[in-house]
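This report describes a single structure in brief. Please consult the sequence and the three-dimensional view alongside the text.

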Amino acid sequence: MPTTTAAVIISDALKEILVIGEGEQPSATMLSDGLRMLNRLLDTLSNNNDFAYFASMEQKALTGQQMLTIG
């Protein structure tokens, strides 16, 4: 699987909103602006508890119950 870089994310976003066409490359200014906006988005998401990633581990004894709901 190829590495996804900020430039790839920005280029894909510009293609999706039809700013650049397939096979075109964004200019240095477009990449710079896109990186600033991407960083702003990531800062916003990192401060929002709904988007903060965390892992937790639970241990439960098996009771023979047929159905469990997780999440």
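I17 is placed in the loop between α1 (6-16) and α2 (28-46); helices here are DSSP runs (H or I, at least four residues; strands are E, at least two), numbered from the N terminus. The model is a predicted one, in which local features need pLDDT of at least 70 and side-chain atom pairs count only at pLDDT 80 or more, whereas totals for chains, interfaces and linings use all residues. Residues are numbered from 1 along each chain as its sequence is written, and side-chain values use heavy atoms, with hydrogens and water left out.

I17 counts as exposed because its relative accessibility is 58%; exposed means over 50% relative accessible area, buried under 20%, and partly exposed in between (1.4 Å probe, protein chains only). Together with V19 and M30, I17 makes a nonpolar surface patch of about 260 Å². Such patches are made of residues with over 30% relative accessible area and no salt bridge, nonpolar side chains (Val, Leu, Ile, Met, Phe, Trp, Tyr) being joined within 5 Å and like charges within 9 Å. L18, which follows α1, has a positive phi, near 65 degrees.

Within α1, I10, S11 and L14 are buried. They cover an arc of only 100 degrees around the axis and therefore lie on the same side of α1; the arc is that of the directions from the helix axis to the C-beta atoms. The cover over the buried residues of α1 includes α2. Apart from neighbours within four places in sequence, S11 is in contact (heavy atoms within 4.5 Å) with I20, P26 and L31.

By the rule applied, the count is 1 salt bridge, meaning a side-chain nitrogen of Lys or Arg within 4 Å of a carboxyl oxygen of Asp or Glu. D33 forms a salt bridge with R36, and their closest N and O atoms are 3.3 Å apart. Both residues, D33 and R36, belong to helix α2 and are 3 residues apart, about one turn of the helix.

| Residue | Relative accessible area | Class |
|---|---|---|
| S11 | 12% | buried |
| D33 | 28% | partly exposed |
| R36 | 45% | partly exposed |
| I17 | 58% | exposed |

Overall, the protein chain has 2 helices and 0 strands. Of its 71 residues, 10% count as buried. The accessible surface of the protein chain is about 6800 Å², 58% of which belongs to carbon and sulfur atoms; accessible areas come from the Shrake-Rupley method with a 1.4 Å probe, and for residues only the protein chains shown count as cover.
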